[in-house]
Amino acid sequence: MTKKIQYGKQAREAAVVALNEIAEVVAQTVGPAGRPILLSRNVSAVNSTVFHTKDGISVLRELSYLDPIYDAVHRLSMQATADTMINAGDGTTSTLIVAARFASLLHSHASGSPQAAIRAFRKE
């Protein structure tokens, strides 16, 4: 099996798109006005369970992707939210939303300068 290695502008663009899409799904659960998400989990070949939740980390855990970039970004998102859960105990969904916004700002600045992205982030 050969591995495909992607890097450069095209890989960054794909990663930012993936992170934004993942964050958009998870962000639906934020706050008291957050919407419940309906999920289906395959228990066996013939049975599946359907449940709903307003917990962003539960939604994130149930997502799966075939695309390798989406899958890598999904795994990184899981690690970031797990670290937030361990260190703060709450705010996992907010962590993902902030990370997606910061990645978008970093990508949108032509210079690619983290300082410029931080300044833009602070202005919002």
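How many aromatic pairs does the structure hold? The structure holds 1 aromatic pair, where pairing requires ring centres of Phe, Tyr or Trp (its six-membered ring) within 6.5 Å. The rings of Tyr65 and Tyr70 have centres 5.3 Å apart and planes at 45 degrees, so the pair is tilted; planes under 30 degrees apart would count as stacked and over 60 as edge-to-face.

This is a predicted model, in which local features need pLDDT of at least 70 and side-chain atom pairs pLDDT 80 or more, while totals for chains, interfaces and linings use all residues. Residues are numbered from 1 along each chain as its sequence is written, and side-chain values use heavy atoms, without hydrogens and water.

Burial is given as relative accessible area with a 1.4 Å probe on protein chains only: buried is under 20%, exposed over 50%, and partly exposed in between.

| Residue | Relative accessible area | Class |
|---|---|---|
| Tyr65 | 23% | partly exposed |
| Tyr70 | 17% | buried |

Tyr70 is one of the buried residues of H3, along with Ile69, Val73, His74, Ser77, Thr81 and Thr84. Seen down the axis of H3, the buried residues fall within an arc of 130 degrees (directions from the axis to the C-beta atoms), so they line one face of the helix. They pack against helices H1 (9–27), H2 (56–62) and H4 (92–108), with contact meaning heavy atoms within 4.5 Å. On the other side of H3, Pro68, Leu76, Gln79, Ile86 and Asn87 are exposed.

At the start of H3, a side-chain oxygen of Asp67 comes to within 3.1 Å of the backbone nitrogen of Ile69. Just after H3, Gly89 has a positive phi of about 90 degrees.

Methods
Helix = DSSP H or I, 4+ residues; strand = E, 2+ residues; numbered from the N terminus. Polar contact = N/O pair within 3.5 Å; in protein donor to acceptor, adjacent residues only side chain to side chain.
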